[in-house]
Amino acid sequence: MRVPNSVVLPVGTHVDCCREEEVEEKRRDIMAKITAMLAERKSNLAHFINNLEGSEEPEFYMDQWERLKEMENCTLTILKLVAVNCMDHRDIKKLEDTILEHVKNEELFPEVVRVLPPVYRQVEVAIVDIAQSEEMADHGMMDLQYLLSKLSQCEHLANLGRELLQDILRYLHRIGLVVWYEEIKHLESTVFLQPTFLITMFKLLVRYRLVQQLESIS
């Protein structure tokens, strides 16, 4: 909801636990709830913006107003929900094919036809090599400046500058190869070369009924 022109593909799992008619019923219910949620969000943003504009001293709330206007302009495209049985490899393949089909849709992703400079691919290959090297820690975390120095050791990347590397990292972050939270002050100098490590960590920390599970431990 905070990413401009973002596209979301809802995925419903555990189809094997439902009857066929239940799957369609749940699909319609989920899509209806998403539509209602987006409508409520739009209404709430408009309400907050009107309140700020109608305040006695609106100039004091200009920063908040600008942030809300930015959020209001963030379009969110919700695709049709895909229902899968995670126990069936054919369903996983179906999901993969669906994702690839959407990603290749130029109307949804205009940048899919963008031609990147060769250095982007060279840095991508070099980062993959670094991430898979024996000296790389399992967590895959690396200081940005240290990553730049490692990449600069490659003959064809000797002139790689920090600013260009940051542009390339933004691209690699968008395609999911690395994770770089440049907007978070305490993490802006850290690059996660192993995004799967973050996923594993989040799965341990953020989970269904976590509070109840912790309270059940004596």
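1. Tyr 120 is buried, at a relative accessible area of 9%; buried means under 20%, exposed over 50% and partly exposed in between, with a 1.4 Å probe and protein chains only. The model is a predicted one, in which local features need pLDDT of at least 70 and side-chain atom pairs count only at pLDDT 80 or more, while totals for chains, interfaces and linings use all residues. Residues are numbered from 1 along each chain as its sequence is written, and side-chain values use heavy atoms, with hydrogens and water left out.

2. The structure holds 2 aromatic pairs. Rings of Phe, Tyr and Trp (its six-membered ring) pair if their centres lie within 6.5 Å; planes under 30 degrees apart count as stacked, over 60 as edge-to-face and the rest as tilted. Tyr 120 and Tyr 171 have ring centres 5.7 Å apart and planes at 65°, so this pair is edge-to-face. Tyr 120 belongs to helix H4 (residues 118-132) and Tyr 171 to helix H6 (residues 162-174), so the pair ties together parts 51 residues apart in sequence. Helices (H or I, at least four residues) and strands (E, at least two) are DSSP runs, numbered from the N terminus. Tyr 171 is also buried, with a relative accessible area of 18%.

3. Tyr 181 and Phe 192 form an edge-to-face aromatic pair, with 6.2 Å from centre to centre and 75° between the planes. Tyr 181 sits in the loop between H6 and strand S6 (190-192), and Phe 192 in strand S6, 11 residues apart. Tyr 181 is partly exposed at 22% relative accessible area, whereas Phe 192 is buried at 6%.

4. Helix H1 (residues 20-53) packs with helix H2 (residues 62-72) at an angle of about 155°, their axes being 10 Å apart. That makes H1 roughly antiparallel to H2, a term for angles over 145 degrees. Axes are lines fitted to C-alpha atoms, for helices over the stretch in contact, and angles run from 0 to 180 degrees between N-to-C directions.

5. Which residues make the contact between H1 and H2? From H1 they are Arg 41, Leu 45, Ala 46, Phe 48, Ile 49, Leu 52 and Glu 53; from H2, Gln 64, Trp 65, Leu 68, Lys 69, Met 71 and Glu 72. Contact means heavy atoms within 4.5 Å. The residues of this contact divide into 8 nonpolar, 1 polar and 4 charged.

6. His 14 lies in the loop between strand S2 (11-12) and H1. His 14 has a positive phi of about 65°, although it is not a glycine. Most residues other than glycine have a negative phi.

Methods: Angles under 35 degrees count as roughly parallel, over 145 as roughly antiparallel, 65 to 115 as roughly perpendicular and the rest as oblique. Ala, Val, Leu, Ile, Met, Phe, Trp, Tyr, Cys and Pro count as nonpolar, Asp, Glu, Lys and Arg as charged, and the others, Gly among them, as polar.
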